[in-house]
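Please keep the structure in view while reading.

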Amino acid sequence: MPEGPEIRRAADSLEAAVKGQPLTEAWFAFPQLQRYSASLLGERIDAIETRGKALLTHFSNGLTLYSHNQLYGVWRVVDAGETPQSSRVLRVKLQTAEKAILLYSASDIEMLTVDELAQHPFLLRVGPDVLDMTLTAQEVKERLLSRRFCRRQFSGLLLDQAFLAGLGNYLRVEILWHTGLAPGHKAAEISEPQLDALAHALLAIPRLSYQTRGKVNEKKHHGALFRFKVFHRAGKKCERCGGIIEKTTLSSRPFYWCPGCQK
């Protein structure tokens, strides 16, 4: 499943294709959205925002298209007028003179006014996004210590989008390894230096993944700038302590860790 960094990179590619260009076509499969097609012609996409796994496409007339890919939804960028062969069902088409962005298979799609956006149930439920560059480690630390979250085990907390949006399983695994914390800990029980380290890692690791994952650095032996330390590395040596990385299941998801140095 894609996590926050992958969703943000997908949004970047959509923005690069159509942002700021007048729309020449807006097509929607769902009847309740079709009435917006004519009013969007000539409007521009000002930004495509991510909130966890939701995308918010902001139009110049003040409307916002909310979409959540859930399990099967996927966005594609194509040349204007192109109709790619696909077994998926097209839900949304937003086209400019040169490019089009297409949303396939998603079922959770709405058009929202400014007031509706502010009151949307999913958006009210999710926490701040880890790839919101205005979010600080101090604010994350305050959330960790809040009454709502301070007694939650990290194994479950780091998957809860109400805590921080955009986190997921590989990020949970890597963040806890980087901070040397076992998954059963709670914020209320760890030291101040551990809290500070965790708060910083909760932002730094997702942002590093967003910036570098999949990019190659020829000066590094392993090539990729972002390299998993424990995720999918069960049975291999921990590069920090030499212990053996183990795999278990926590919060119904596979979990990888080093018992030797995650205390």
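Arginine 8 and aspartate 12 both belong to helix H1 (residues 4-18), where 4 residues, about one turn of the helix, separate them; helices (H or I, at least four residues) and strands (E, at least two) are DSSP runs, numbered from the N terminus. The model is predicted, and local features need pLDDT of at least 70, side-chain atom pairs count only at pLDDT 80 or more, while totals for chains, interfaces and linings use all residues. Residues are numbered from 1 along each chain as its sequence is written, and side-chain values use heavy atoms, with hydrogens and water left out.

**Salt bridges**

Side chains of opposite charge can pair when their charged atoms come close. A salt bridge is taken here as a side-chain nitrogen of Lys or Arg within 4 Å of a carboxyl oxygen of Asp or Glu, and by this rule the count comes to 10 salt bridges.

| Arginine 8 | Aspartate 12 | 3.0 Å |

Within it, arginine 8 counts as buried at 12% relative accessibility, whereas aspartate 12 is partly exposed at 26%; buried means under 20% relative accessible area, exposed over 50%, and partly exposed in between (1.4 Å probe, protein chains only).

Aspartate 79 is partly exposed at 40% relative accessibility, and lysine 99 is partly exposed at 30%. For the remaining pair in the table, arginine 152 is partly exposed with a relative accessible area of 30%, and aspartate 160 is partly exposed with 21%.

**Aromatic rings**

The structure holds 6 aromatic pairs, where rings of Phe, Tyr and Trp (its six-membered ring) pair if their centres lie within 6.5 Å, and planes under 30 degrees apart count as stacked, over 60 as edge-to-face and the rest as tilted. One of these is the edge-to-face pair of phenylalanine 149 and phenylalanine 163, at 5.2 Å centre to centre with 65° between the planes. Phenylalanine 149 lies in the loop between helix H6 (137-145) and helix H7 (154-157), and phenylalanine 163 in the loop between H7 and helix H8 (169-179), so that the pair links distant parts of the chain, 14 residues apart.

Because tyrosine 170 lies in helix H8 and phenylalanine 231 in the loop between helix H9 (192-212) and strand S9 (246-250), the pair ties together parts that are 61 residues apart in sequence. Tyrosine 170 is buried at 4% relative accessibility, as is phenylalanine 231 at 12%. Ring pairs link Tyr170, Phe228, Phe231 and Tyr256 into a cluster.

**Helix packing**

H8 and H9 pack at an angle of about 130°, with their axes 9 Å apart; axes are lines fitted to C-alpha atoms, for helices over the stretch in contact, and angles run from 0 to 180 degrees between N-to-C directions. H8 and H9 are therefore oblique to each other, given that angles under 35 degrees count as roughly parallel, over 145 as roughly antiparallel, 65 to 115 as roughly perpendicular and the rest as oblique.
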